[in-house]
Every structure is written in structure tokens, then in C-alpha cells.
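Please look at the ligand site in the structure shown here, and work through the questions that follow.

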Amino acid sequence: MIIAIDGPAASGKGTLSRKLAEHFALPHLDTGLTFRAVAHALLTAAKPLDDEDLAEAAAQALDLAALDRSVLSAHAIGEAASKVAVMPRVRQALLEAQRAFANRPGGAILDGRDIGTVVCPDADVKLFVTASAEIRARRRTDEILARGQAADYAQILEDVKKRDERDQTRAVAPLIPAEDAHLLDTTKLDIEGAFQQAVRIVEETQEK
Ligand code: C5P
């Protein structure tokens with residue numbers, strides 16, 4: 001079984017995917033981390049984020065087993081990731097690694113922006129997780145504050161909107177729901193509520 005989960009920044013799709021992976025005992029790949037790792041490689045080397053040759057090389061050298069969420073989850077790396085994600089050769093290199101992960105025997109859960117449309121168009125179940133920009137910015141702000149770091153809600157809301165715009169309008173693999181995706185709006189749901197709805201959708205698909 002392949003489960004594809006897409007949605008905008010801070011929609012809750014990451015937490016939801018991890019809970020589903022545990023529940024259905026499936027390996028999980030957060031594809032956002034792959035773009036973040038490429039951005040991190042460029043930032044660490046003090047290279048511009050639009051250097052496609054270097055970004056492609058970093059994408060080709062990526063080891064999925066070595067992705068470190070604690071380093072890559074920084075807000076600034078997410079912003080940088082959405083800049084490297086517009087480059088077609090970077091997407092192509094990462095697509096190969098993402099597809100290889102998806103096609104392992106026994107299935108997998110992948111989450112990102114283009115899983116249901118590009119990476120796994122034949123996925124058994126597709127979810128598109130959304131929430132208003134305001135609630136996503138609020139959740140991201142609270143997450144950062146909970147780590148004891150400083151966070152400015154107004155700035156984060158502006159970043160969320162900018163990132164949505166960049167992800168939705170790019171030429172290659174833009175963020176849009178697949179035609180056969182189930183929409184899951186988490187604006188008024190907590191994580192447990194979203195999880196229960198998602199489990200129901202997956203189980204209904206399995207019964208068909
Ligand atoms: O999901 P996350 O915030 O970690 O993703 C960081 C950035 O990586 C996104 O804003 C998006 O530009 C890019 N991305 C993508 N395709 C994916 C996953 C992430 O373009 N499948």
C-alpha cells in the first residue's frame with residue numbers, strides 16, 4: 001500500500017504522516033526533508049541557493065537514511081528549501097530517490113507537495129491536508145516558542161503566505177491537490193481528530 005500525503009507548509013501533514021506510518025506499520029519518507037537537505041548543503045557551503053549545478057550534485061549525493069530532522073527543521077531552512085525546489089534538475093534527482101523509496105516491497109507513506117500528482121500518481125490513497133494560513137502560522141509560532149526560541153507570528157504568517165505562493169506557482173510540480181485526493185481541512189481539527197479521519201479514509205479505500 002502506498003499512501004501519498006500532500007499539503008502546504010505547517011498544515012499538520014508531517015505529524016499526521018508519522019502517526020499513520022506507525023499505525024499501519026509502513027516506512028515513512030518526509031520528502032520536505034530531502035529538499036531541506038539540499039538547501040542545507042548549499043547554505044553550509046555558503047553558496048547561492050540558485051546554483052543549480054551544486055544543488056543537483058547535492059541532491060544526487062543525498063543519503064535518505066542520514067536525513068536529520070533536528071537540524072533540518074529550522075524555519076530558515078524551510079524557506080531556503082522552497083527556493084531550491086523550483087529547480088527542475090534538483091527535483092529530478094530527488095524524484096528518483098523518492099520513487100525508489102515508494103516502490104519498496106510492502107509499501108510506504110510519503111508526504112510532501114507533489115506526491116499524489118508526480119512522485120506516486122498511482123498511490124492507493126491520496127490525502128491533501130490543508131488549514132488556513134493564519135492557523136498554520138499560529139501552529140508554527142507555537143512550535144518554535146515551545147522549543148524555547150523566539151518567534152514572531154506576523155513574520156511567520158508572511159513567510160507562510162510567501163511559501164504558499166512560491167510552491168503553488170512554480171512551473172515544475174506545483175502544489176495542487178491530485179484529482180483523486182481526499183481533502184482533509186485541519187483548521188478546526190486537532191491532530192487526533194485529523195488522524196482519526198485519515199485512518200477512516202485509508203480503511204475505506206482498503207475495503208473497496
Ligand atoms: O514540507 P517542508 O516544509 O519540509 O518542505 C520544504 C519545502 O520543500 C517546501 O516549501 C517546498 O518548496 C519543497 N517541497 C517540494 N516538494 C515536496 C516536498 C517539499 O517542493 N514533495
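Q: From which element does the largest share of the shell around the ligand come?
A: In this predicted model, 15 residues surround the ligand. The elements that give two or more residues to that shell are α2 (31-44), α5 (75-84) and α9 (153-169). The largest share, four residues, comes from α2.

Q: How many charged residues does the shell around the ligand have?
A: The closest residues to the ligand are Arg36, Arg91, Asp114, Arg163 and Asp167. Sorted by class, the shell has three nonpolar and four polar residues, and its charged residues number eight.

Q: Which residue has a polar side-chain atom 2.8 Å from a nitrogen atom of the ligand?
A: The side chain of Thr31 has an N or O atom 2.9 Å from a nitrogen atom of the ligand, whereas the side chain of Arg91 places an N or O atom 2.8 Å from an oxygen atom of the ligand. The residue with a polar side-chain atom 2.8 Å from a ligand nitrogen atom is Asp114.

Q: What percentage of the area that the ligand exposes when taken alone does the protein bury?
A: The ligand sits in the largest pocket. Taken alone, the ligand exposes 450 Å², and the part of that area buried by the protein is 97%.

Definitions and conventions:
Residues are numbered from 1 along each chain as its sequence is written. This is a predicted model: local features need pLDDT of at least 70, side-chain atom pairs count only at pLDDT 80 or more; totals for chains, interfaces and linings use all residues. Side-chain values use heavy atoms; hydrogens and water are left out. A residue is near a molecule or strand if one of its heavy atoms lies within 4 Å of it. A polar contact is a pair of N or O atoms within 3.5 Å; within protein, one must be able to donate a hydrogen and the other to accept it, and residues adjacent in sequence count only if both atoms are side-chain atoms. Accessible areas come from the Shrake-Rupley method with a 1.4 Å probe; for residues, only the protein chains shown count as cover. On a 1 Å grid over the protein atoms alone, a cavity is a set of points where a 1.4 Å probe fits but cannot get out, and a pocket is an open set with protein on both sides within 12 Å along at least five of seven lines; lining residues have an atom within 4 Å of a point. A molecule sits in a cavity or pocket if more than half of its atoms lie within 2 Å of its grid points. Ala, Val, Leu, Ile, Met, Phe, Trp, Tyr, Cys and Pro count as nonpolar, Asp, Glu, Lys and Arg as charged, and the others, Gly among them, as polar.
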